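Open the model in your viewer and keep the sequence panel beside it. The stops below are meant to be selected in order.

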Amino acid sequence: MKKTNVLFVVPPAVGIEELLKETPTAKWVYPSVPMGVLSIASYAGAHADVDFTILDLSVEISNFINSSHTLSLNEFITQ
């Protein structure tokens, strides 16, 4: 039987409107463990042949903010 691939996208805790502001008041994003997604993946993985990938946008944005980058956050988000 063919393995099914599933991509979970966890949205950031801060709204996109806030992140795209010229001077956002939310200068940091707190990434946390996406327990709901992990629970679903664990349950489905125990009952089906599934490969999961989790894209946590809070982590991606946090990594971007804390790195030395040449793009603005606005350019990063709209790419």
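The tour goes from the whole chain to single side chains.

**Before selecting anything**

This is a predicted model, in which local features need pLDDT of at least 70 and side-chain atom pairs count only at pLDDT 80 or more, while totals for chains, interfaces and linings use all residues. Residues are numbered from 1 along each chain as its sequence is written, and side-chain values use heavy atoms, with hydrogens and water left out.

**Stop 1: the whole chain**

Show the protein chain as a cartoon. It has 4 helices and 2 strands, in the order β-α-α-β-α-α along the sequence. These elements are DSSP runs numbered from the N terminus: helices are H or I with at least four residues, strands are E with at least two.

Switch to a surface. The protein chain exposes about 5,900 Å², and carbon and sulfur atoms supply 59% of that area; accessible areas come from the Shrake-Rupley method with a 1.4 Å probe, and for residues only the protein chains shown count as cover. Of the 79 residues, 22% count as buried. Buried means under 20% relative accessible area, exposed over 50%, and partly exposed in between (1.4 Å probe, protein chains only).

Among contacts (heavy atoms within 4.5 Å) with a separation of 6 or more, 67% are between residues 24 or more positions apart.

**Stop 2: Lys3, Asp49 and Asp51**

Select these three side chains, which are linked in a network of salt bridges. A salt bridge is a side-chain nitrogen of Lys or Arg within 4 Å of a carboxyl oxygen of Asp or Glu. How many salt bridges does a search of the whole structure find? The search finds 2.

One joins Lys3 and Asp49, at 3.6 Å from N to O. Lys3 is in the segment before S1 and Asp49 in the loop between helix H2 (35–47) and S2, 46 residues apart. Another joins Asp51 and Lys3, at 3.4 Å from N to O. Because Asp51 lies in strand S2 and Lys3 in the segment before S1, this pair ties together parts 48 residues apart in sequence.

Each of these residues counts as partly exposed: Lys3 at 37% relative accessibility, Asp49 at 40% and Asp51 at 35%.

**Stop 3: Phe8 and Phe52**

Next, select the two rings of the 1 aromatic pair found in the whole structure. The ring centres of Phe8 and Phe52 are 5.6 Å apart and the planes are at 15 degrees, so the pair is stacked. Rings of Phe, Tyr and Trp (its six-membered ring) pair if their centres lie within 6.5 Å; planes under 30 degrees apart count as stacked, over 60 as edge-to-face and the rest as tilted.

Phe8 is in strand S1 (residues 4–10) and Phe52 in strand S2, 44 residues apart.

**Stop 4**

Move along strand S2 to Ile54, which counts as partly exposed at 34% relative accessibility.

**Stop 5: Asp56**

Finish at Asp56, in strand S2 (residues 50–56). Asp56 counts as buried at 11% relative accessibility. A polar atom of its side chain lies 3.1 Å from the backbone nitrogen of Ser58. Leaving aside neighbours within four places in sequence, Asp56 is in contact with Val10, Ser32 and Pro34.

Note on methods
Polar contact = N/O pair within 3.5 Å; in protein donor to acceptor, adjacent residues only side chain to side chain.
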